[in-house]
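I opened my notebook to get to know a new structure, one look-up at a time.

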2 protein chains.
Amino acid sequence: MENKNNAITSQSQDFAQWYTDVVRKAELMNYSSVKGFINYLPYSYAIWEEIQNYFNKRIKEELGAQNVYLPLVIPMSMFNKEKEHVEGFAPEALIATIGGAKTLEDPLVIRPTSEILFSDLYKNIVSSYRDLPIAYNQWCSVVRWEKTTRPFLRGSEFLWQEGHCLFETEEEARENVRKALEIYDDLGRDLLAIPFLKGKKSEQEKFAGAVATYTIEALMPDGKALQSGTSHYLGQGFAEAYGIQFQGRDTKLQIPHQTSWGVSTRLLGALIMVHGDDNGLVLPPRVAPTQVVIVPVRQQAEGVLDACKEIAANLKKQGIRVKLDDNEARTPGWKFAQYEMKGVPLRIEVGPRDLANGEAVLTKRVTGEKKVMKIEELEAAVAPLLDEIHNDMYQKAQKMLEAHITEVKTIDELNAALDNVGGYALLAYDGTPETELKIKELTKGGTARCIYKMLPEDTDIVDVVSGKKAIQIAYFARAY
Amino acid sequence: MENKNNAITSQSQDFAQWYTDVVRKAELMNYSSVKGFINYLPYSYAIWEEIQNYFNKRIKEELGAQNVYLPLVIPMSMFNKEKEHVEGFAPEALIATIGGAKTLEDPLVIRPTSEILFSDLYKNIVSSYRDLPIAYNQWCSVVRWEKTTRPFLRGSEFLWQEGHCLFETEEEARENVRKALEIYDDLGRDLLAIPFLKGKKSEQEKFAGAVATYTIEALMPDGKALQSGTSHYLGQGFAEAYGIQFQGRDTKLQIPHQTSWGVSTRLLGALIMVHGDDNGLVLPPRVAPTQVVIVPVRQQAEGVLDACKEIAANLKKQGIRVKLDDNEARTPGWKFAQYEMKGVPLRIEVGPRDLANGEAVLTKRVTGEKKVMKIEELEAAVAPLLDEIHNDMYQKAQKMLEAHITEVKTIDELNAALDNVGGYALLAYDGTPETELKIKELTKGGTARCIYKMLPEDTDIVDVVSGKKAIQIAYFARAY
């Protein structure tokens with residue numbers, strides 16, 4: 001498609017600038033006066049609300065989760081108890097030291113994540129195996145003091161959900177971790193039209209304080225990976241550090257097994273990049289705040305506006321999010337460009353000539369493909385068409401992902417894959433943090449995104465960095 | 001009703017302790033380890049979600065409002081610009097001074113309210129009358145460093161919504177303020193079964209930075225008033241302080257008119273107090289997380305559990321929030337007390353003898369009234385019964401409110417009314433902050449909750465404190 005909007009840098013010219021242009025021009029966000037913090041404008045927040053609706057339903061029904069709200073702040077004295085966790089989060093903490101015009105004796109860390117607060121809660125409400133399992137979730141913002149920020153991708157404050165669960169047994173906890181990841185994967189496929197690679201993080205890349213971290217990773221058009229959600233088996237470390245115990249079925253005191261899982265407004269960044277093009281956003285129908293825009297052409301002509309209103313009313317009745325733009329101060333051409341920029345999945349035009357034939361013109365945002373349709377058939381056709389658009393978008397992204405997975409055997413091949421193909425390269429290695437750090441250095445930022453598979457004990461594959469026996473194959477990529 | 005649950009202090013014995021007992025025993029909240037901060041547990045958060053659903057629908061449809069999310073923090077340098085506002089909020093500010101292990105040059109105030117942040121946003125997105133009106137709303141938590149706190153009523157952090165709107169004209173802005181207050185009033189009547197007094201705040205009691213504040217005030221059973229929501233006409237003060245301007249229809253630069261309005265989790269405090277009794281919570285059906293609980297009696301007896309399951313399935317199909325408690329480890333008697341404590345509006349019991357007659361026993365939580373009904377009639381009867389319960393609860397609270405409004409002419413009468421009747425006393429006065437402060441002193445805390453009416457210019461009523469001419473009659477009360 002031709003780039004109709006001069007205001008956006010093209011992707012091929014400068015992908016990063018294209019991204020910045022789109023988030024601003026499509027009115028998804030703007031920069032606040034607080035450095036590193038953004039304003040989530042209605043157009044992005046409405047997408048976030050769709051994600052919330054989907055996710056709330058799934059976790060309530062399938063994980064028995066209940067929503068709660070815990071404090072914004074963690075006393076420093078409490079923050080310091082789980083060692084690995086503190087080391088991971090302390091460097092980017094925002095810390096309040098003054099309250100009510102007095103210096104606080106125990107400064108307060110603005111929550112970067114809430115494992116500690118949930119552990120502190122669980123210590124007080126769990127005493128018997130009868131109190132388990134517990135599955136709580138909260139929607140909130142968290143703060144991580146970042147030096148370099150990008151809208152939705154990395155910021156000093158972002159919105160997310162964090163699920164925190166507690167179980168009698170490791171088995172149940174691991175099952176919960178698996179299920180949460182499954183729901184994230186479904187959310188990608190069913191709602192965002194984004195395919196993810198899913199898998200376990202390496203030791204080097206796992207969450208600070210976790211026994212094991214599982215991740216969903218998306219491919220961006222610039223060849224970089226985007227970690228889009230994580231699900232952690234925390235083991236008993238937090239429970240031990242924060243004193244959570246319960247009387248087991250055998251009447252003995254036991255330590256529960258804990259999990260946590262989260263997705264954030266980073267998903268909006270994924271959505272923008274995976275589907276967007278040189279005309280702006282392309283939104284998958286199920287999260288699009290406006291799914292169908294109706295643009296009357298020569299709307300003063302007899303019957304045109306009435307026909308548009310009737311189409312709008314009929315679609316609205318079906319629960320389709322439809323907008324009729326009858327603003328006379330703007331030309332149809334201006335509106336076409338505007339709603340392309342905003343990524344509205346389907347446009348319906350009706351002009352006097354169409355109307356004379358009882359027809360409307362439908363245009364799919366993702367392909368630009370046009371279709372003339374009888375107005376009387378619209379009511380039944382639009383919902384399936386939106387599903388078709390969703391499926392096409394997912395298939396396209398899926399093909400893109402598959403085309404960007406390369407098997408490599410050496411660091412040279414790895415570099416060639418990351419430089420020339422982009423995306424993910426499958427490399428066998430010894431699984432150690434040392435090797436990963438070395439690879440990161442040798443590839444200018446390539447990291448293990450997740451493990452593809454473990455190798456058999458008797459493998460003869462050798463790690464090309466350390467010379468030791470390889471133990472696993474991982475997807476390596478440069479990442480956001 | 002007899003107090004079946006020894007764990008709760010009775011209201012007549014110690015109302016404050018009753019409140020504390022109920023919020024804990026009904027598992028609405030518990031105290032976090034962070035002083036002044038609470039954990040909102042699933043049972044209270046689910047009620048909050050019902051309030052969110054109701055309110056989101058109303059403001060989106062009727063005020064054209066859109067949800068957004070703005071930063072958690074306000075730079076101190078920005079905070080200091082609107083003088084009255086700063087003076088109101090600075091004393092209870094929580095201030096972050098360290099970020100990323102470095103001292104911040106410009107400390108960050110954790111938002112106590114977001115007029116400043118919205119003004120800063122509007123400055124950047126408004127340039128023409130075509131950009132107006134704007135109606136944004138956000139759901140978030142705010143922090144106010146309080147010395148004495150009570151769950152849901154006063155805390156260092158609470159959840160709320162804050163609407164912030166911008167208009168071309170004062171008239172439109174004032175209309176928006178009025179409509180928002182109307183929606184709050186409806187929310188009380190239609191959802192929470194709480195009647196409010198509505199009206200304008202006095203100069204002394206208005207919001208820091210507002211031209212005029214309107215309020216909804218509820219009556220608590222201990223005779224105190226509870227401010228439950230406010231809607232402010234902010235005039236042009238914030239716009240001037242933060243530099244918001246637009247080109248008007250006359251092409252001249254103009255300053256817009258601003259409003260803000262909010263309700264918080266204080267509504268949960270109102271809900272608990274207005275309806276609760278010595279057996280615990282009494283929830284109005286439309287916000288109750290569980291609307292109907294089904295308790296099988298002798299559930300091993302043939303057919304009992306199956307009948308309960310069928311009733312549950314039929315009610316669920318209608319969208320009624322129903323819970324079947326078939327836990328064999330607990331007796332029906334224990335369950336009755338438990339769900340009374342939790343305030344579930346309607347209980348349905350089915351035992352073998354009921355079943356033999358094709359019957360179930362229904363008990364209304366609010367009155368304890370029992371009703372035997374044919375099981376086959378339940379499906380059609382329950383939804384209307386829930387509405388009936390709602391209406392009864394509202395009427396009861398309305399009568400209570402009406403019975404606690406006294407007209408008084410002197411400070412002695414005012415004191416007698418506040419001491420002996422409780423609730424609100426209507427007193428004419430001169431409208432000055434000085435007189436209100438004096439009245440507060442003379443009545444041990446009585447304040448003007450809202451203005452009942454303005455007096456005519458030629459009134460001969462004299463203010464009994466200042467001896468000046470009275471200008472208005474206000475509702476005075478001791479308040480939370």
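Predicted model: local features only at pLDDT ≥ 70, side-chain atom pairs only at ≥ 80, totals over all residues.

**Entry 1: two helices in chain B**

I began with a helix contact, where Phe15(B), Trp18(B), Tyr19(B), Val22(B) and Val23(B) of H1(B) meet Gly269(B), Ile272(B) and Met273(B) of H8(B).

Next I looked up the geometry. Helix H1 of chain B covers residues 15-25 and helix H8 of chain B covers residues 266-275. Their axes come within 11 Å and cross at roughly 115 degrees. H1(B) and H8(B) are therefore roughly perpendicular to each other. I also wrote down that H1(B) passes H8(B) in a right-handed crossing.

I then turned to chain A. At what angle do the axes of H1 and H8 of chain A cross? I found roughly 115 degrees, with the axes of H1(A) and H8(A) coming within 11 Å. So H1(A) and H8(A) are roughly perpendicular to each other, and their crossing is right-handed. On the H1(A) side I listed Phe15(A), Trp18(A), Tyr19(A), Val22(A) and Val23(A), and on the H8(A) side Gly269(A), Ile272(A) and Met273(A). The residues of this contact of H1(A) with H8(A) divide into 7 nonpolar, 1 polar and no charged.

**Entry 2: how the chains relate**

Chain A can be laid on chain B with an RMSD of 0.0 Å, using a turn of 180 degrees and a shift of 0.0 Å along the axis. The two copies are thus related as by a two-fold rotation axis. Which C-alpha of chain A is nearest the axis? I found that of Ala96(A), 1.8 Å from the axis. The same surface serves both copies, as 100% of the contact residues of chain A recur in chain B.

**Entry 3: a sheet of 7 strands in chain A**

I followed an open sheet of 7 strands in chain A, with the order S3-S7-S8-S14-S11-S10-S9 and mixed pairing. Strand S3 (66-67) and strand S9 (197-200) of chain A stand at the edges with a single partner strand each, so one side of each has no neighbour in the sheet. Within the sheet, I picked strand S11 (residues 225-235) and strand S14 (residues 257-264) of chain A, which pair in the antiparallel sense over 5 bridges. Ser231(A) has Trp261(A) in S14(A) as its bridge partner. Helix H2 (residues 42-62) of chain A packs on the sheet and touches S3, S7, S8 and S14 of chain A. The direction of H2 makes about 165 degrees with that of S7(A).

**Entry 4: a sheet of 5 strands in chain B**

Last, I looked at an open sheet of 5 strands in chain B, ordered S16-S15-S17-S18-S19 with mixed pairing. Its edge strands are S16 (322-324) and S19 (370-374) of chain B, and each pairs on one side only. On average, neighbouring strands of this sheet are turned by 25 degrees against each other, direction ignored. I noted that S15 (residues 292-296) and S17 (residues 346-350) of chain B run parallel and are joined by 5 bridges. Ile294(B) stands opposite Ile348(B) in S17(B).

Which strands does helix H9 of chain B touch? I found S15, S16 and S17 of chain B, with H9 (residues 304-317) running at about 170 degrees to S15(B). Helix H10 (residues 332-341) of chain B lies across S15, S16 and S17 of chain B, at about 170 degrees to S15(B).

Definitions and conventions:
Residues numbered from 1 in each chain as written. Chains lettered and ligands numbered in written order. Heavy atoms only, no water. Least-squares fit on C-alpha atoms with pLDDT ≥ 70 in both. Contact = heavy atoms within 4.5 Å. Axes fitted to C-alpha atoms, helices over the stretch in contact; angles between N-to-C directions. Helix = DSSP H or I, 4+ residues; strand = E, 2+ residues; numbered from the N terminus. Parallel < 35°, antiparallel > 145°, perpendicular 65-115°, else oblique. Left-handed = near helix turned anticlockwise from the far one by under 90°. Nonpolar A, V, L, I, M, F, W, Y, C, P; charged D, E, K, R; others polar. Pairing = 2+ DSSP bridges.
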